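Subject: Structure handover

Hi,

Here is the structure you asked about. My notes follow below it.

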Protein chains: 2
Amino acid sequence: MDKTYKALADPTRREILSLLKDGDRTAGEIAEGFPMAWASVSHHLAALKDAGLILATREGQHIRYSLNTTVFQELVQHLIGLAQKKRGRPRKEA
Amino acid sequence: MDKTYKALADPTRREILSLLKDGDRTAGEIAEGFPMAWASVSHHLAALKDAGLILATREGQHIRYSLNTTVFQELVQHLIGLAQKKRGRPRKEA
DNA sequence: CTTGCATTTAGACGTTTACCTAATTATCTC
DNA sequence: GAGATAATTAGGTAAACGTCTAAATGCAAG
């Protein structure tokens, strides 16, 4: 989980996620939208992928990125768990 | 929002939140549970407070910390918004 | 108002992070 | 295989972060 939270701690990476929310994008399409070198964006993509937040698939010479909604949901659950007041032994949780 | 995500990026800080979930604690009570200097814990508390995730109130010579569930909820909303596929203008959202 | 406890602030130091440019890998086309 | 394009990896640097010890602050009690 640590990697996931760390991945969210950067504004560029959150913006990438926001971009991907509207549809899959290739690395190049993503990098174009940012004022930094492609290499830097590539690092961010690697961090997000390592955190499990996005998925990458090669398509010819392009690499297409997409949101991993599964991990996103787990993250939201974990976050909610952090704030939830403890109740008497949730017995498996509803 | 940036500060909030950054605050969550550290395991010690997440553990502090988890502690506070079970009830308010003074700075000292919190610091005791960690293997680092009190000053370090104090820095983490400051970061969490700055991020709005916790609230501090002085009680005599102690300072009592508690979760700020309001900001927590906003954060969860924001996070969900990051992953949610775009729909046509949510008009205030249910 | 001085002493003592709880907590924070100041200053220093090593590690991690984000960025850059240059070099490399992977794929496609000829 | 050579050349072009897409993307990553390598190597370096400056800023941010987490930690420490020491000093300062806030409050309470003699």
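Copies are superposed by least squares on the C-alpha atoms of residues with pLDDT of at least 70 in both. This is a predicted model: local features need pLDDT of at least 70, side-chain atom pairs count only at pLDDT 80 or more, and totals for chains, interfaces and linings use all residues. Residues are numbered from 1 along each chain as its sequence is written, while chains are lettered from A and ligands numbered from 1 in the order in which they are written.

**The two copies**

Chain A superposes on chain B by a rotation of 180°, with 0.0 Å of shift along the axis. The RMSD is 0.0 Å. The two copies are therefore related as by a two-fold rotation axis. Both use the same surface: 100% of the contact residues of chain A recur in chain B. (Contact means that the C-beta atoms of two residues, placed from the backbone, lie within 7 Å.)

**Where the chains touch**

Chain A gives 23 residues to the contact, and chain B gives 23 residues. On the chain A side, helix 1 (2–8), helix 2 (11–21) and helix 5 (69–83) each supply at least two residues. Helices (H or I, at least four residues) and strands (E, at least two) are DSSP runs, numbered from the N terminus. Helix 5 of chain A has the largest share, 8 residues. By type, this side of chain A holds 13 nonpolar, 3 polar and 7 charged residues. Here Ala, Val, Leu, Ile, Met, Phe, Trp, Tyr, Cys and Pro count as nonpolar, Asp, Glu, Lys and Arg as charged, and the others, Gly among them, as polar.

**Around DNA strand D**

Which residues are the closest to DNA strand D? They are Gly28(A), Ala39(A), Ser42(A), Met36(B) and Ala39(B), out of 24 that surround it. (Near means a C-beta atom, placed from the backbone, within 6 Å.) Helix 4 of chain A supplies the largest share of this surface, 6 residues. Helix 4 (38–50) of chain B also supplies at least two, as do helix 3 (27–32) and strand 3 (62–67) of chain A. The surface divides into 9 nonpolar, 12 polar and 3 charged residues.

**Strands in chain A**

Strand 3 of chain A pairs with strand 2 (residues 54–59) in the antiparallel sense, over 6 bridges. (Pairing needs at least two DSSP bridges between two strands.) Leu55(A) stands opposite Ser66(A). These two strands form a hairpin with 2 residues between them, and Gly60(A) in the turn has a positive phi of about 65°. Strand 3 of chain A also pairs with strand 1 (residues 25–26), antiparallel, over 2 bridges. There, Arg25(A) has Tyr65(A) as its bridge partner.

Best wishes
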